[in-house]
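Colleague: I have just opened this entry and would like a guided tour. Could you take me through it, one question at a time?

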Amino acid sequence: MADTKPLVLDVDGTFLKTDLLLENFWAGLGRDPLATLAVSFRHLRQPEKLKAALTGIAPLRTDLMPVNPDIKALAEKSAARGREVVLASASHDSLVKQVAADHGLSDRVFASTGEINLKGAAKAGVLVEAYGEQGFDYAGNAPVDAKVWDHAENVIMVGEQPSVAARLAAKGRNVVTYGGGWRFGDLIKALRPHQWVKNVLLLLPLVAAHEFTWAALMPVLVGIIAFSFAASSIYIVNDLLDLEADRLHKTKCKRPFAAGTVPIGVGMIIAIALGLSSLILAAALNWAFLGIVVLYIATSLAYSLKLKRMRWVDIVVLASLYTIRVVAGAAAGEVAITSAMLVFVFPVFITLGCVKRITELAKAEDDERLPGRGYGRPDRHDLLNVAGIGVFGALLIFFIYTLSPEAKTLYPDRWLLWAAMPFLAHWLIRMVRIGWQGKMDYDPIVFAARDRVGLGVMLFTLSLMFWAAKLWQEWFGG
């Protein structure tokens, strides 16, 4: 390649492994969702006005955005040889200038304004006007960049476009290709399938009602799939809203959208598809279950948009989202759920919500508030106190339940329920202690599903409850 001509780099998907417009959209949703949706619908067919409007809603930390290492290395090598390295993008001018300043590139940029969307032929026109026909080299990643490559001397292509490359080569262009695209495995990682274990909570009503028939179990299993799809859809939305916060986090910065290993646009499509699939499955079961799934999605969206940043409110919402799963299991299996069960599980989930925050704070490196959250390390003792209240409340409610006529009917040997209480207390206190020590995953229920000691304690506790209900005798004729 010529060493004297300018090297012009596209930004979205080429120099950066992300898209500035979509970054701006999601940052706007996180800061002011109503204003963001309003300008998006108003300027849906006017991309230049949309880009300008979004930049006024939420500022972006472009310095945190993932960079394509190959193109970054090419830019540095070219600059070291005295070449001008220029950014040319359809993104808004103010953001492109930020990116150029972040990485020490030329002050001269070509980008969209409120009057023009600098894309395709429009971009080619301004570059030819500035540098002349074949007076520059150009790096891009999308089919629309072919309109610019037609006027460049050398073609730098990010990602495979065989037909475009062949056509340009036939015209005598020198084509250099760098790796691009995304992997299906990274998309699966974004869905967080390991989090689906939380949806086993839908089985609790069947266990409590001693309903162990296939007729009751099968619809609940379908319900678990529906909730898993809904949860993954919300996880994607949450990650897109938390892009900046995740990039500031020691481990969450590796999440696919924050790291740029999966395009934001792909995530948006998959989130919509999973959400619709969840609603279709829910509607196929019954209307009550569909209503609960809609409530879960709406509550989760409110949590992602606002409530997770509000101290204590977020703990209550987390506990509510766990409890909704229990109610959903009853609706899917069409079994009765007692108020006693709901009153018991809620303080348990309050405790686990506190454990989640305690764990995050235990791993924090300073006393500043966690990115995107309302807590700092000084709040650990308050969270510990609330967790302790949750443990005490759960055990007290469990004991009161054992004295009820309903418990006497379901559990003839109620003394075994009392014998199970110390083990239940041990499990809850152990979860709090491990969270306090920072030795837990960021989600306590996912941790609980992998914790062999904790699983052993819970299985023994359930065994005592089964013996109290004389279920072993029913199943094995004892």
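**Helices on the sheet**

Modeller: Gladly! Let's start with helix H3 (residues 47-55), which lies across strand S2 (85-92) and S3 and runs at about 95° to S2. Keep in mind that this is a predicted model.

Colleague: In which order do the six strands form the open sheet?

Modeller: The pairing in this sheet is parallel. Strand S3 (109-112) and strand S6 (174-178) have a single partner strand each, so they stand at the edges, with one side left without a neighbour in the sheet. From one strand to the next, the twist averages 15°. The order is S3-S2-S1-S4-S5-S6.

Colleague: Which residue is the bridge partner of Leu 9 in S4?

Modeller: Strand S1 spans residues 7-9 and strand S4 spans residues 137-140. These two strands pair in the parallel sense over three bridges. The partner of Leu 9 in S4 is Ala 139.

Colleague: Let's turn to Leu 241. Is that residue buried or exposed?

Modeller: Leu 241 lies in helix H11, which runs over residues 214-241. Not counting residues up to four places away in sequence, Leu 241 touches Trp 26, Leu 29, Gly 30, Ser 304 and Leu 305. A residue is called buried if its relative accessible area is under 20%. Leu 241 has 10%, so the residue is buried.

Colleague: How far apart in space are Leu 241 and Glu 23?

Modeller: In sequence, 218 residues separate the two. From C-alpha to C-alpha, the distance between Leu 241 and Glu 23 is 9.0 Å.

Colleague: Now the whole chain, please. What percentage of its residues are buried?

Modeller: The chain has 23 helices and six strands, and its C-alpha trace spans about 90 × 50 × 40 Å along the principal axes. Of the 478 residues, the buried ones make up 51%.

Colleague: One last thing: how far apart are the mean positions of the positive and negative charges?

Modeller: The chain carries 49 positive and 43 negative charges. Their mean positions are separated by 4 Å.

Technical notes
Residues are numbered from 1 along each chain as its sequence is written. This is a predicted model: local features need pLDDT of at least 70, side-chain atom pairs count only at pLDDT 80 or more; totals for chains, interfaces and linings use all residues. Side-chain values use heavy atoms; hydrogens and water are left out. Helices (H or I, at least four residues) and strands (E, at least two) are DSSP runs, numbered from the N terminus. Buried means under 20% relative accessible area, exposed over 50%, partly exposed in between (1.4 Å probe, protein chains only). Lys and Arg count as positive and Asp and Glu as negative; His and the chain ends are not counted. The place of a charge is taken as NZ of Lys, CZ of Arg, CG of Asp or CD of Glu. Contact means heavy atoms within 4.5 Å. Two strands pair if DSSP finds at least two bridges between them. Axes are lines fitted to C-alpha atoms, for helices over the stretch in contact, and angles run from 0 to 180 degrees between N-to-C directions.
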